[in-house]
Amino acid sequence: MKFLCLGSGSCGNCYYLESGGTALLIDLGIGIRAFKKHAKDYGLRLPDIQAILVTHDHTDHVKAVGPLSIERHLPVYASEGVHVGIQRNRFMTKKIPEHLKRITTLDTPFEIGPFRITPFQVVHDSNDNNGYFIEVTKPEPQEDLFDSAAALGAADAGKEPLTLCLITDCGEFTDNLVPYVQRARYLIMEANYDSAMLATGPYPVYLKKRIMGGRGHLDNAICADRLQQFLTPTTRHIWLCHLSEENNHPEIARKTVQTALDDLPFEPKPQLEVLRRRVPSGIVTLK
């Protein structure tokens, strides 16, 4: 499976997954022109994209979902609540056509090509918010579609299910997240803010309370604590996502989580990276 992050944070979020010639987008909160430029730069084939999955209705996750859905006739998968929120979003001028809306159900898998996708509840102050647990159910052809891709995973990784879990815009690490995190070979996990930076930062009090209030975003330290508590040897690689520009720093987030990973009672420890807000990650081959 090929993975590419095209943006992560309040400036816009978008993730690209491809396996066996079938590609998915998770969120499309960057501008349509920026998306097409990145697609050209990285050699992504737009006809391969078969669907868009949406986590929630905030503009930094759905800005270009309508335009691309209309242009490429792409179905958009989201919960009923997310679809309602998108329809109400006044910043999204081009809405998703009714015939392209697909309603998902919590903890109920559905399939798109080789992908088996399970949405699950993530607490946030949007109309609704879903994380996604994705399994590759069919073997990928041997041909490497991206010669420049870097390979991740052990040589015997093919013996284990290829699984990826995305959790973003998470106000609280709730119990329902645990089984998905524990089964994820690859994990994209929010570490939005450093509590000291937020407390002393420029945000008004009401916004600080919103971020810390259990329906906002996840603190670095809480992210680190929960990963230390619940990770299993299954997880080989973690990307931290949706870092605040004002209330966090990539190195602070990395060090906070890495300290927790270093204390895990098993080997090998998961590798850790921080996704950049506006700079694509580069294509990575997940095995």
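Buried means under 20% relative accessible area. C5 has 1% relative accessibility, so C5 counts as buried. This is a predicted model.

**Cysteines**

- The number of disulfides comes to 0.
- A disulfide is a covalent bond between the sulfur atoms of two cysteines.
- A pair of cysteine sulfur atoms must lie within 2.5 Å to count as a disulfide.
- C5 is in no disulfide, because its nearest cysteine sulfur, that of C14, is 7.8 Å away.
- C11 is in no disulfide either, and the nearest cysteine sulfur to C11 is that of C5, 9.4 Å away.
- C11 is partly exposed, with a relative accessible area of 30%.

**Strand β11**

- Strand β11 spans residues 163-167.
- It is mostly covered, with 5 of its 5 residues buried.
- Both faces of β11 are covered.
- T163, C165 and I167 are buried on one side, and L164 and L166 are buried on the other.
- Strand β9 (residues 130-136) runs antiparallel to β11, and 4 bridges join the two.
- Y132 has L166 of β11 as its bridge partner.
- Strand β12 (residues 186-190) runs parallel to β11, again with 4 bridges.
- L164 has Y186 of β12 as its bridge partner.

- D169 sits in the loop between β11 (163-167) and α5 (178-183).
- D169 is buried yet has no salt bridge.
- The nearest side chain of opposite charge is R210, 6.0 Å away.
- A salt bridge needs a side-chain nitrogen of Lys or Arg within 4 Å of a carboxyl oxygen of Asp or Glu.
- The side chain of D169 does make a polar contact of 3.3 Å with the side chain of H242.
- Not counting residues up to four places away in sequence, D169 touches several histidines, including H56, H61, H124, H217 and H242.
- Other residues that D169 touches include V122, V123, N129, E190 and G216.

**V76, in strand β5**

- V76 belongs to strand β5 (residues 76-79).
- V76 has 0% relative accessibility, so V76 counts as buried.
- A51 is 25 residues from V76 along the chain, yet their C-alpha atoms are separated by 5.9 Å.
- Leaving aside neighbours within four places in sequence, V76 is in contact with I52, V54, V65, S69 and H83, among others.
- The contacts of V76 also include I96, L100, K101 and R102.

Terms used. Residues are numbered from 1 along each chain as its sequence is written. This is a predicted model: local features need pLDDT of at least 70, side-chain atom pairs count only at pLDDT 80 or more; totals for chains, interfaces and linings use all residues. Side-chain values use heavy atoms; hydrogens and water are left out. Buried means under 20% relative accessible area, exposed over 50%, partly exposed in between (1.4 Å probe, protein chains only). Lys and Arg count as positive and Asp and Glu as negative; His and the chain ends are not counted. A polar contact is a pair of N or O atoms within 3.5 Å; within protein, one must be able to donate a hydrogen and the other to accept it, and residues adjacent in sequence count only if both atoms are side-chain atoms. Contact means heavy atoms within 4.5 Å. Two strands pair if DSSP finds at least two bridges between them.
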